[in-house]
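Please look through the sequence and the 3D structure below. The report that follows takes a short walk through a few of their features.

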Amino acid sequence: MRMAPPWREPVPATGTMGEPRPLGRFGEYGGRYAPESLVEACREVDEAFRQARADPGFAAALAELLALHAGRPTPLTPARRLSQELGVQLYLKREDLTHTGSHKINNVLGQALLAARMGRRRLIAETGAGQHGVATATAAALLGLEATVFMGERDMERQALNVFRMRMLGAEVVPVTTGSRTLKDATSEAMRHWVGATGDSHYCVGSVVGPDPYPWMVREFQRVIGDEARGQCAAELRTGVPDHVVACVGGGSNAAGTFAGFADTSARFVGVEAEGGAGAARGRLGVLHGCRSLFLQDDDGQIIEAHSIAAGLDYPGVGPEHAHLRELGRARYVTVTDEEAVGAAVRLARSEGIVPALESAHALAWVIRAAGDGELAAGSTVLMTLSGRGDKDISTLKELL
Amino acid sequence: MTNILAAGAVERHLRARRDTGRALLMPYVTGGVTPGWTRYLTAFAEAGADAIEVGLPFSDPTLDGVTIQQASEAALARGASTRRILADLAEAGDVGVPLVASTYYNLVLHDGPEAFCAALRRAGVDGLIVPDLPVHEAGELTGVAAAAGVDLALLASPATPRPRLEEISRRSRGFVYAVSLMGTTGERAALAASAAELTTRIRSVTDRPVLLGFGISTPGQAREAGRHADGVVVGAAVMRRVLDGAGPDDLRAFLATLRRALDQE
Ligand SMILES: Cc1ncc(COP(=O)(O)O)c(C=O)c1O
């Protein structure tokens, strides 16, 4: 007898991970729940993005920046020793090897080019781990734009190195002292600031969240991860397509970009959230930061503060497309604890000589657990996006180890 | 049977007062901000408020500046919730002028628009403002609110183009909330230049009452705003005083200065 799989069979890919329905709807999720003052600005970004997408000149300029500045394509690395230990074939998509050290640069270069095309002179960004902030500061410097980055005070402490990097790159870093003083509050503050600066500034959202068109646009700019990996898997894997595609999920941009490359395959998608920031796995329907999606909330409907050792996963919600993929059963969302993530980081360092970002270590921690408890069948092929490198987390790790 | 196209109690009240030539005053208070906070409502009404906006605090008030953020945090820290605030209002009874709740859409969705609107009505609240619910997303709430007898007032901003302004004015109930400037709530040194222009544009497409809000902090600004719009909303200037410890009597005196300024026109 065939065991029921823990997830439903993949639905036919048509209709998933394409263009959303009008006003950015992914099923019932998404939308443009922006204050009226930002609606026109969102419409302008949407219009500019659609025009840019249809313009081969834009695609060429972006491809050149990604190649010459960001160092793409990134390799697909077989994790040989770890695969042997785990009894699965694990391949790592190496976003940690991009310039600035995480996948965030893919999205930012796209949006910075778009902003320049729209005649904006400044980028506004929120950041949690600081990786999106560093990427924004980098792209701004490269294209001659200004950058203002909002960052929770608590994150500024635990990611002090990235704060210095942003300032070194010429960006203004604004501490956010309200609420939990992490990513959620930095995002609120960036939105407030944008309301007063729509004329000359572009809000460079760092994940697949926010009002339409951001969830869709950011996924399209991150699609390069999945598209490259698809080609690399076709060349490297006997089966051509991996059995499982795994990525960590904060807002969900590295996962969305990775999944998008495999939407029309039978690969099973797994998004790995932090135990304390599991918007997809444990959130309920709500509206925050411009979109309708799943958010951690208390019994009164107040948003709960997330808690994760990985600042980039410290967000109480998830992008609307992930909420939709979950509802469809096309992807499933699991959680791992801080301890599991730290253990996975150490294991990858010692078996493959790669120190991953703590965010990425969450994805690996699930692979390790699932290989151990049989959820991943022996010999199955697993593509995992290694979203970033661990340099920014060294001081956190030093305190723990 | 309810005619869902008809305006409700808030709009009838505001139109009637406006038609006597009176400039309208709608002060704001964050629900649950202090123990006994409903005494502010009586004080506001005595000072000549025409309606009162009651904020239902949300953990992530993305369109509010520091003052209302702090007021929301203070209220939540005291254990305020939609349910408790509405219970306080029900207990306080009729204060003599319509009450208009304002909150973020997450709190409306929490129990669903129907249950939310029904709860407002049970507490004696006749109007609603949801700053993160723009007109193109409001379809889920407009019909439900109208059927429940809650006037859902929509916001217009200086960046709103004319066709949208027409739609907002058509679908808004109670009044049209004119956001005076491109920014968040909070006191400002002067009335923004965009205020007059926006009000003129709204008036050219509707005869619904137009209330100007965001940044109006002083009698002088209220008087100037009253020249363009049918009235003003005053939030942060009230809440800064409340956060600094001012009681109902102090606020009655402050609002009386605004009332006099509006009446001088
Ligand atoms: C290395 C790394 N991975 C993952 C994330 C989470 O973001 P997302 O879920 O959008 O990929 C971050 C965010 O800061 C990050 O820095």
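## A partly exposed glutamate

A:Glu375 counts as partly exposed, because its relative accessibility is 29%. Partly exposed covers the range between buried, under 20%, and exposed, over 50%. This is a predicted model. A:Glu375 sits in the loop between α14 (358–372) and β14 (381–386) of chain A. Now compare sequence with space. A:Glu375 and A:Leu90 are 285 residues apart along the chain, and their C-alpha atoms are separated by 14 Å.

## Around the ligand

Next comes the ligand. Which residues come nearest to the ligand? They are A:Ser207, A:Gly250, A:Gly252, A:Ser253 and A:Ser387, out of 19 residues around the ligand. Sorted by class, this shell holds 12 polar, 5 nonpolar and 2 charged residues.

Domain 1 (26–68 + 104–214) supplies at least three residues, and so does domain 2 (76–101 + 223–400).

| Residue and part | Distance to a ligand oxygen atom |
|---|---|
| A:Lys104, side chain | 3.0 Å |
| A:Gly251, backbone | 3.3 Å |
| A:Gly252, backbone | 2.7 Å |

How much of the ligand's accessible area does the protein cover? On its own, the ligand has 390 Å² of accessible area, and the protein covers 97% of that.

A:Ser207 is found in the loop between β8 and α9 of chain A. Its relative accessible area is 9%, so A:Ser207 is buried. A:Ser207 and A:Thr396 are 189 residues apart in sequence, and 23 Å lie between their C-alpha atoms.

## Strands in both chains

Start with chain A. Strand β10 (residues 268–274) is largely enclosed by the rest of the structure, because 6 of its 7 residues are buried. Strand β9 (residues 244–248) of chain A runs parallel to β10(A), and 5 bridges join the two. In this pairing, A:His244 stands opposite A:Arg268 of β10(A).

B:Thr30 has B:Gly55 in β2(B) as its bridge partner.

Which way do the residues of β2(B) point? In strand β2 (residues 52–55) of chain B, B:Ile52 and B:Val54 point one way. B:Glu53 and B:Gly55 point the other way. All of these residues are buried. In a regular strand, side chains alternate between the two faces of the sheet.

Two cis peptide bonds come next. One joins A:Arg72 and A:Pro73, with omega about -5 degrees. A:Pro73 lies in the loop between α2 (56–68) and β3 (76–78) of chain A. Another cis bond runs from A:Asp212 to A:Pro213, where omega is near 15 degrees. A:Pro213 has its place in the loop between β8 (201–203) and α9 (214–236) of chain A.

Then look at phi. A:Arg181 has a positive phi, near 55 degrees, and is a residue other than glycine. A:Arg181 lies in the loop between β7 (172–176) and α8 (183–195) of chain A. Its relative accessibility is 28%, so A:Arg181 counts as partly exposed.

A:His289 also has a positive phi, near 50 degrees, in a residue other than glycine. Its place is in the loop between β11 (284–288) and β12 (291–295) of chain A. Is A:His289 buried or exposed? A:His289 is buried, because its relative accessible area is 4%.

## A buried glycine in chain B

The last stop is in chain B. B:Gly174 has its place in the loop between α8 (162–171) and β7 (176–179) of chain B. With 0% relative accessibility, B:Gly174 counts as buried. B:Gly174 and B:Ala9 are 165 residues apart in sequence, yet their C-alpha atoms are 7.7 Å apart in space.

Conventions: Residues are numbered from 1 along each chain as its sequence is written. Chains are lettered from A and ligands numbered from 1 in the order in which they are written. This is a predicted model: local features need pLDDT of at least 70, side-chain atom pairs count only at pLDDT 80 or more; totals for chains, interfaces and linings use all residues. Side-chain values use heavy atoms; hydrogens and water are left out. A residue is near a molecule or strand if one of its heavy atoms lies within 4 Å of it. A polar contact is a pair of N or O atoms within 3.5 Å; within protein, one must be able to donate a hydrogen and the other to accept it, and residues adjacent in sequence count only if both atoms are side-chain atoms. Accessible areas come from the Shrake-Rupley method with a 1.4 Å probe; for residues, only the protein chains shown count as cover. Ala, Val, Leu, Ile, Met, Phe, Trp, Tyr, Cys and Pro count as nonpolar, Asp, Glu, Lys and Arg as charged, and the others, Gly among them, as polar. Domain bounds come from an automatic or database domain assignment. Buried means under 20% relative accessible area, exposed over 50%, partly exposed in between (1.4 Å probe, protein chains only). Helices (H or I, at least four residues) and strands (E, at least two) are DSSP runs, numbered from the N terminus. Two strands pair if DSSP finds at least two bridges between them.
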